Amino acid sequence: MSPRGEALRIGVLASGRGSNLQAIIDAIARGTLPAQFAVVISDREDARALERARTHGAPAVFVNPKDYRDHNAYDAALLRVIEQHRVELVCLAGFMRILGAGFVRALAGRVMNIHPSLLPAFPGLAAQRQALDHGVRISGATVHFVDEGVDTGPIVVQDAVPVLPDDTEETLSARILEVEHRLYPAAIRLFAEGRLQISGRRVEIRTQRVDSSTVGREGGPTAN
Ligand code: GRF
């Protein structure tokens, strides 16, 4: 809950399947995540994520990259939609575009991403393939705040997943995905409860709400 007693307004950016979006929808429906969908945005008109959002009754918006002259103009268009819908936390969930410095600065401390590896190992595309190629015994999933790099921002939560000898990219991805579906709602919940404080590279998880000046929620400190 926000200090005003309202559910956290989240905006999800997704390009494809949207299984993490679905996990967030399900957590809200179960009553385990005090959040509501301000908007779901995609850069692909045919994204399954948009369909899932509409089924749930959430505003679903396609922002077409072809309508904008460059990356910065596209980012600015995304920002306008985010602001129009009064989004408090942006959650990237399989959004296949790199957001520029302007976007990240405008929403500092208010953008999260989920990545299918134990960062800082295997950032970027095909993290599960990278893990298999490297021969690691353990991989996993990470939720982090987004900074100006690719998958480099302060880490909120992580969980490990074993890599088995006969794993393929598909089997490993599926095992990691199960963890992602648990981890992302849990991380958003910590934010909604006002319990995350970013100090440099580290994210402190408090037992009680922290002052809003430290992380991007409005309103003053509130006991849980
Ligand atoms: C997930 O593996 C996520 O970690 C990565 O992109 C994938 C998105 O899957 N960033 P989905 O669209 O949520 O099903």
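**Figure 1. Asp151 in the loop between S6 and S7.** In this predicted model, Asp151 counts as buried, because its relative accessibility of 15% falls under the 20% limit. The residue belongs to the loop that links S6 and S7. Its phi is positive, about 60 degrees, although Asp151 is not a glycine. Most residues other than glycine have a negative phi.

**Figure 2. Ala126 and Pro120 in the loop between S5 and H5.** Ala126 is found in the loop between S5 and helix H5 (127-134). Ala126 has a phi near 50 degrees, again a positive value in a residue other than glycine. With a relative accessibility of 39%, Ala126 counts as partly exposed. Pro120 is found in the loop between S5 and H5 as well. The peptide bond leading from Leu119 to Pro120 is cis, and its omega is near 15 degrees. Most peptide bonds are trans.

**Figure 3. Surroundings of the ligand.** Residues around the ligand are Arg17, Gly18, Ser19, Asn20, Gly94, Ile114, His115, Pro116 and Glu180. A polar backbone atom of Asn20 is 2.9 Å from an oxygen atom of the ligand. At Ile114, a polar backbone atom is 3.0 Å from a ligand nitrogen atom. On its own the ligand has 370 Å² of accessible area, of which the protein covers 85%.

Figure 4. Seven strands form an open sheet with mixed pairing, in the order S3-S2-S1-S4-S5-S6-S7. Strand S3 (60-62) and strand S7 (155-162) stand at the edges with a single partner strand each, so one side of each has no neighbour in the sheet. From one strand to the next, the twist averages 20 degrees. Strands S1 (residues 8-13) and S4 (residues 89-92) run parallel and are joined by 4 bridges.

Figure 5. H6 lies across S1, S4, strand S5 (111-115), strand S6 (138-145) and S7. H6 runs at about 155 degrees to S7.

Figure 6. Glu193 lies in the loop between helix H6 (169-192) and strand S8 (196-199). Its relative accessible area is 13%, so Glu193 is buried. The side chains of Glu193 and Arg189 make a polar contact at 2.7 Å.

Terms used
Residues numbered from 1 in each chain as written. Predicted model: local features only at pLDDT ≥ 70, side-chain atom pairs only at ≥ 80, totals over all residues. Heavy atoms only, no water. Helix = DSSP H or I, 4+ residues; strand = E, 2+ residues; numbered from the N terminus. Buried < 20%, exposed > 50% of the residue type's maximum accessible area, 1.4 Å probe, protein only. Polar contact = N/O pair within 3.5 Å; in protein donor to acceptor, adjacent residues only side chain to side chain. Pairing = 2+ DSSP bridges. Axes fitted to C-alpha atoms, helices over the stretch in contact; angles between N-to-C directions. Contact = heavy atoms within 4.5 Å. Near = heavy atom within 4 Å. Areas by Shrake-Rupley, 256 points an atom, 1.4 Å probe, with all protein chains shown as cover.
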